[in-house]
Amino acid sequence: MASQDWFDKDFYEVLGVSKDVSDAELKKAYRKLARKYHPDSNPGDDAAEARFKEISEAHSVLSDPEQRKEYDAIRAMGSGARFTAPGGGGAAGGFEDVFGTMFGGQGGRTYQQGGQYDDLLGGLFGGGRFGQPTGGFRGFGGPSKGRDVTASTTLDFLTATKGQQITLQASDGRPITVKIPAGVADGQKIRLRGKGQPSPDGGEPGDLVLSVSVRKHPVFERDGLNLRVTVPITFAEAALGATIQVPTLGGDPVKLRVAPGTPSGRVLRVKGRGVETSKGTGDLLAEVQVAVPSHLSKDAEEKLRNFIAELPDENPRDGLIAKARG
């Protein structure tokens, strides 16, 4: 941080706290503002990002007892002061006046020779050159966040739907344990906070951005939060009605009633047996398909013809053909 900032910026005002704020109240205020203005919560919002940097900068100074003590002292003695470069013709009330007060009324000019102002300030503010970042809370914008790490994984259908804790291997060989939330879809990216590279100067670690591929299931398909399954039924079950068993994902089968005269393609719904997530729970959608026998005995074929002869003389495709003709 450039030392001029310590004169110009009111870190207490940035965080919305009083000058006698306790450590616990300071942390509470910082966390509330950081959540509100974090770039991940405001993608593409430059103003929010700038505000987040101000908040981080203020907290990094005030949360450190030594830095807070130095900041309070500088602000108390140099309120409203401006820095004036050597030889710049600065008027009274500038840099020399502030440090003259601090170091014996000499206007700070004894420091213009040899070490210049930055040597003096380096001793006060952690050894960095005047006006240059030194990393950590002395750099611009507070501690830097660690680098984000990208990775990819392939999950089986049940793990992606139900959620599970899995272990991945990072590029540097270290194992990373992550919790896969329920309801992850194929092609989705998951941001796992704090699972990336550590910060170089004591800040937050980076995130792990995980790209997920989901293997197809032989029976079920995702439809949002719903699960779809195709269930074959016989012609007799469709015509006369029946109670059938339908599979569920990772659980026992459920019983469904097929009404008499059910056509092929009708969807039967089982409430609450779909994908269960924090945002809601889907249903199981069972689509019935009438299974037609591929081989009939001579006797069965004759009985079927006799049955057809007893049916009303109607063509189920008449309406379709009429609509097609317009």
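How many helices and strands make up the secondary structure of the protein? The secondary structure comes to eleven helices and 13 strands, where helices (H or I, at least four residues) and strands (E, at least two) are DSSP runs numbered from the N terminus. This is a predicted model, in which local features need pLDDT of at least 70 and side-chain atom pairs count only at pLDDT 80 or more, while totals for chains, interfaces and linings use all residues. Residues are numbered from 1 along each chain as its sequence is written, and side-chain values use heavy atoms, with hydrogens and water left out.

**Overall figures**

- Of the 326 residues of the protein, 34% count as buried; buried means under 20% relative accessible area, exposed over 50%, and partly exposed in between (1.4 Å probe, protein chains only).
- The accessible surface of the protein comes to about 20,100 Å², and 50% of this surface belongs to carbon and sulfur atoms. Accessible areas come from the Shrake-Rupley method with a 1.4 Å probe, and for residues only the protein chains shown count as cover.
- Among the contacts in the protein with a separation of 6 or more, 53% are between residues 24 or more positions apart; contact means heavy atoms within 4.5 Å.

**The sheet β1-β5-β4**

- Three strands form an open sheet in the order β1-β5-β4, with mixed pairing; two strands pair if DSSP finds at least two bridges between them.
- Strands β1 (149-155) and β4 (189-192) stand at the edges with a single partner strand each, so one side of each has no neighbour in the sheet.
- Neighbouring strands of this sheet are turned by 25° against each other on average, direction ignored. Axes are lines fitted to C-alpha atoms, for helices over the stretch in contact, and angles run from 0 to 180 degrees between N-to-C directions.
- Strand β1 runs parallel to strand β5 (residues 208-214), and seven bridges join the two. Val149 has Leu208 as its bridge partner in β5.

**The sheet β6-β7-β13-β10**

- Four strands form an open sheet in the order β6-β7-β13-β10, and the pairing is mixed.
- The edge strands are β6 (220-223) and β10 (267-270), each of which pairs on one side only.
- From one strand to the next, the twist averages 35°.
- Strand β10 and strand β13 (residues 284-291) run antiparallel and are joined by four bridges. The bridge partner of Val267 in β13 is Glu287.

**Thr243 in strand β8**

- Thr243 is found in strand β8 (residues 242-248), and this residue is exposed because its relative accessible area is 51%.
- Not counting residues up to four places away in sequence, Thr243 touches Lys255, Leu256 and Arg257.
- Thr243 and Arg257 are 14 residues apart along the chain, and their C-alpha atoms are separated by 4.5 Å.

- Phe235, Leu296, Leu304, Phe307, Ile308 and Leu311 make a nonpolar surface patch of about 550 Å².
- Patches are made of residues with over 30% relative accessible area and no salt bridge, with like charges joined within 9 Å and nonpolar side chains (Val, Leu, Ile, Met, Phe, Trp, Tyr) within 5 Å. A salt bridge is a side-chain nitrogen of Lys or Arg within 4 Å of a carboxyl oxygen of Asp or Glu.
- Helix α10 (residues 298-310) contributes the largest share of the nonpolar patch, three residues.
- Ile308 lies in helix α10 and counts as partly exposed because its relative accessibility is 48%.
- Helix α11 (residues 318-325) is hardly covered, since the count of buried residues among its eight residues is zero.
- Gly326 follows α11 and has a positive phi, near 75°.
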